Amino acid sequence: MQNSAPTPGAIARVIIDRTTDREFDYRVPEAMLDRIVVGSRVRVPVRNRLLSATVVDLPDSSPFEKLRDVDSIAGGHPVLRPVLLRMARWMADYYCCPVETAMRAVLPQVIRDSAAGHRERLHARLLKTPDPGELAVIEKRAPRQADVLRHLLASPGASVALTVLQKKCGASRAALDALEEKGWVTTQTETVWRDPYGDESFLPSIPLTLNGEQAAAHDILLAAIADPAGAKPILLHGVTGSGKTEIYLQGLQAVLDAGKSAIVLVPEISLTPQTVERFKSRFSSHGVAVLHSHLSGGERHDEWHRIHTGKARIVIGARSAVFAPLDHLGLIVVDEEHENSYKQEEAPRYHARDLAVLRASMEPCAVLLGSATPSLESYHNAVSGKYRLVELRNRVDDRQMPHIRIVDMRMRSKKATAQVLSDLLVAAIGQRLERSEQTILFLNRRGFNTSLTCPACGHVCGCPNCSVALTYHRGDGRLVCHLCGHIERVPAKCPKCSDAGIKYAGTGTEKVEDAVARIFPKARLARMDADAMTRKEAYRETLGAFRAGKIDILVGTQMIAKGLHFPNVTLVGIVNADLTLHLPDFRAAERTFQLLVQVAGRAGRGEVNGEVFVQSHTPFSPAIQFARQHDFAEFWDQEREFRAQWSYPPFSHMVLIHLKSGNERLAEFSAETLHRRLKEHLPPDVFLGEPAPAPLKKSKGQYRFHIVLRTPRILPLSRYLREKLAALTFPEDVHVAVDVDPYQLL
Ligand code: ADP
Ligand code: ZN
């Protein structure tokens with residue numbers, strides 16, 4: 001091979017958007033030499049088209065001859081930080097995906113498409129003031145124009161956006177042009193920053209005096225911030241209400257004081273106004289950028305640029321915020337680090353907590369993982385000395401942990417409402433109503449009933465596209481599939497045997513709401529689940545009303561399980577603790593434990609002690625018993641034995657290969673073929689399971705098969721899988737995906 005271009009930096013190695021796993025070399029024209037850097041976005045010729053690409057390297061030479069030239073540089077400055085590029089490469093390797101797929105995660109689409117720029121809006125300002133006579137003349141010929149003038153008159157000197165004028169007085173672009181022509185107004189475009197929290201003001205909050213446990217944790221954090229290279233990741237295990245957030249806040253202050261920046265990751269579900277407010281109140285609204293999946297493209301673009309240009313030095317966001325383009329990173333906080341929503345369920349299937357630890361080691365910066373119920377992965381790392389374990393065993397101000405009582409539902413009475421709410425729980429709710437305290441009732445299943453079953457033949461109304469039962473929603477009297485959205489009418493008799501006695505079974509949130517309304521007709525009641533919260537503002541409004549004491553009882557799904565802080569909630573009822581316990585997933589016990597402790601943690605966060613009722617048909621299962629005692633260490637002790645025995649994570653890495661197809665035979669056949677090929681040169685110590693139908697056999701019309709692998713060392717396996725998969729071709733309508741460290745096992 002010959003070096004065709006020996007000039008230093010004369011080659012740009014690029015990854016082209018939306019392409020394969022390859023990198024391509026282009027020649028850098030003389031004129032661009034001093035402007036192209038690693039991370040630049042460029043346009044390059046591919047056959048007869050120009051495509052967008054990211055420069056990932058600037059080697060002195062290329063193994064290829066006859067290189068084509070880079071066409072142009074897109075955007076003025078490099079957009080991809082070197083550390084993010086390194087993360088993308090690491091992800092590709094670890095998660096067994098193309099580098100381009102990983103790059104897609106680190107650089108949001110709106111930034112990659114240079115087309116999406118800052119938002120320019122047309123503004124109008126009054127040039128001269130019409131007197132009433134003039135206004136009347138205009139009114140007669142062009143009432144719209146008169147409206148605009150009147151509106152501008154109300155705020156003299158101000159420039160008002162056309163969009164505002166449109167909303168307020170139906171003004172059009174044409175009306176403005178006409179007014180400008182006649183010399184009444186002047187128009188110009190102005191850049192506006194889209195701030196999703198723009199119209200809110202935040203009361204400033206001041207640092208609290210830390211208690212002993214908090215102060216000890218704070219000192220350890222400060223030391224890590226001062227010397228990140230010498231510090232381990234910190235696992236902050238603090239019971240609910242122990243004041244973890246205050247430790248984050250004071251850590252962030254230290255980072256700002258040192259002139260550095262920070263990222264706070266929170267689960268998407270707890271990125272509530274309440275959470276954001278706690279950070280914005282402490283650090284002023286402007287210095288804090290918020291990133292999450294509900295931002296519009298424009299909002300995301302603007303927040304990204306605020307971060308990129310150093311205007312915001314604290315970023316709070318869901319998992320993708322781990323890629324925030326900050327310089328001088330001093331700290332990454334991962335709140336509720338055990339949350340599954342940190343795992344991305346589409347390629348690249350990364351885990352944001354793990355990437356936070358990775359990024360922290362690359363920067364280097366301090367990293368703090370916080371939870372009342374740490375993941376067993378992180379806890380294992382702490383116990384084995386990879387992380388530093390810091391514990392907060394007490395609630396602030398010596399508040400008591402809520403008292404948890406398990407209600408055995410196997411001995412329930414025949415009353416219809418008693419099938420949903422036990423007498424004990426009903427009595428407790430009644431007391432709260434008398435004392436004007438608030439209650440949360442939690443059930444992780446929406447709808448009214450969970451299925452429609454025929455007592456004569458046992459038929460369960462299932463979804464035609466998915467292997468799950470349809471859920472009965474009473475509000476609109478229909479059966480709904482929660483996976484694919486399929487809707488059908490409730491049949492009058494069994495579709496299979498025509499028996500008219502077809503019956504509803506199981507309980508969803510709607511039925512809980514209904515039962516509460518029957519028992520306590522005067523109570524003010526609200527429900528929060530995906531069905532009740534379809535309006536964008538509903539979530540915020542309902543939480544606001546609850547906080548203001550306008551709601552006595554709040555019924556909801558996991559939407560209300562975590563992170564919320566309502567001092568007047570003294571009772572939490574968990575309607576059915578068994579739901580997560582019997583899933584075919586090795587984490588079922590861990591999830592149940594976490595959910596119970598987290599939901600219970602919503603109670604007793606104020607002056608009055610909290611009480612929790614856990615209704616269950618398996619009251620003696622260890623996850624429920626240990627949650628009752630708030631005993632994480634005991635739970636860990638017994639769960640680790642099970643994990644170690646079967647070499648499940650955290651004692652191994654797991655890889656799940658999904659195969660799916662609309663054609664069942666084809667999916668199965670492909671799974672068998674892949675399995676045979678994987679067996680051929682399997683790296684040592686790898687366990688390869690047999691191909692099998694997924695627990696959820698069919699979803700959205702697709703038949704699903706799984707192959708599970710386990711290994712003590714992931715990288716050799718990831719590389720092996722990548723090689724094998726690249727060498728295999730699957731039938732066109734078979735879709736294959738590799739999930740490293742999977743969390744979704746159904
Ligand atoms: P966690 O995140 O551990 O569940 P929070 O950070 O939400 O706990 O703290 C619970 C409550 O205690 C909050 O209202 C918080 O303002 C308050 N708090 C935290 N630290 C202190 C402190 N040192 N002194 C007084 N109140 C505190
Ligand atoms: Zn379905």
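Where is the place of K700? K700 sits in the loop between β29 (692-699) and β30 (702-711). The model is predicted; local features need pLDDT of at least 70, side-chain atom pairs count only at pLDDT 80 or more, and totals for chains, interfaces and linings use all residues. Residues are numbered from 1 along each chain as its sequence is written, chains are lettered from A and ligands numbered from 1 in the order in which they are written, and side-chain values use heavy atoms, with hydrogens and water left out.

K700 has a positive phi, near 50 degrees, and is not a glycine. Its relative accessible area is 55%, and K700 is exposed. Exposed means over 50% relative accessible area, buried under 20%, and partly exposed in between (1.4 Å probe, protein chains only). Helices (H or I, at least four residues) and strands (E, at least two) are DSSP runs, numbered from the N terminus.

The loop between α19 (632-645) and β27 (653-661) holds P650. S647 is also placed in the loop between α19 and β27. The phi of S647 is positive, at about 40 degrees, although S647 is not a glycine. S647 is partly exposed, with 32% relative accessibility. The peptide bond joining P649 and P650 is cis. Its omega is about 5 degrees.

A cis peptide bond also runs from E363 to P364. Here omega is near -10 degrees. P364 lies in a loop, with α12 (352-362) on one side and β14 (366-371) on the other.
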